[in-house]
Amino acid sequence: MELFVFSLFALGALVSALAVVSHRNPVYATMSLVVTLVCVAALFLMLGAPFIATLQVLIYTGAIVVLFLFVIMLLNIQREEHSAPSGGAQRWAAILMGFVLAGLLFGLFWRAHAGAEIQPLTEDQVSLTRLARLLFTEYMLPFQAIGLLLLAAVVAATVLARRPDGRITAPGEESK
């Protein structure tokens, strides 16, 4: 039963992640990102890390995706009507890189199954105390940098949405 639930959420994450990168409508792509992040949170929950799963839902799905939707609505991005002509070289390079990635993943799985038995996670590996200690000591600079990057993204979206007279362009309102 556990394998079935894992496969269900893994497949859901994979399909919705493909929808994120392939959908032309940015709102639908962002909503597919929400589904992807919720499926990944369920996988974290199955791994025995409920705190990480909760953070995944609250921070990524609840805050960052809402920020993405805010920026999309603020900038009034429309669905792409005409796609640029895709070059043959770019398509073949993407197909080649897809096969390289598939080969690397196959080699990784092959080596993982040829090795020793996978050990279950210990209490120390999923401990909230250990996570907090790592986050606020060793990973403090990246943690602060991500916060600064998100702040810069909000400021940049607001600046891009301004009209020459200083007003912010409302969704559906044409800039002159």
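A pocket here is an open set of grid points with protein on both sides within 12 Å along at least five of seven lines, and a lining residue has an atom within 4 Å of a point. Everything below comes from a predicted model.

**View 1. Around the centre of the largest pocket.** Start with L55, Y60, L131, L135 and F143: of the 26 residues lining the largest pocket, these sit nearest its centre. The pocket's volume comes out at about 780 Å³.

View 2. The largest share is from α3, which puts in 8 residues.

**View 3. Helix α1 against helix α2.** Here the axes of α1 (residues 2-22) and α2 (residues 26-46) come within 8 Å and cross at roughly 155°. Angles over 145 degrees count as roughly antiparallel, so α1 runs roughly antiparallel to α2. Their crossing is left-handed.

**View 4. Side by side at the α1 and α2 contact.** On the α1 side, the contact residues include F6, F9, A13 and V20, while α2 brings in L33, V40, L43 and M46, among others. Sorted by type, the residues of this contact come to 16 nonpolar, 4 polar and 1 charged.

Notes
Residues are numbered from 1 along each chain as its sequence is written. This is a predicted model: local features need pLDDT of at least 70, side-chain atom pairs count only at pLDDT 80 or more; totals for chains, interfaces and linings use all residues. Side-chain values use heavy atoms; hydrogens and water are left out. Axes are lines fitted to C-alpha atoms, for helices over the stretch in contact, and angles run from 0 to 180 degrees between N-to-C directions. Helices (H or I, at least four residues) and strands (E, at least two) are DSSP runs, numbered from the N terminus. Angles under 35 degrees count as roughly parallel, over 145 as roughly antiparallel, 65 to 115 as roughly perpendicular and the rest as oblique. A crossing is left-handed if the near helix is turned anticlockwise from the far one by less than a right angle, and right-handed if clockwise. Contact means heavy atoms within 4.5 Å. Ala, Val, Leu, Ile, Met, Phe, Trp, Tyr, Cys and Pro count as nonpolar, Asp, Glu, Lys and Arg as charged, and the others, Gly among them, as polar. On a 1 Å grid over the protein atoms alone, a cavity is a set of points where a 1.4 Å probe fits but cannot get out, and a pocket is an open set with protein on both sides within 12 Å along at least five of seven lines; lining residues have an atom within 4 Å of a point. Grid points are joined across faces, edges and corners, and a volume is the space filled by probe spheres set on the points.
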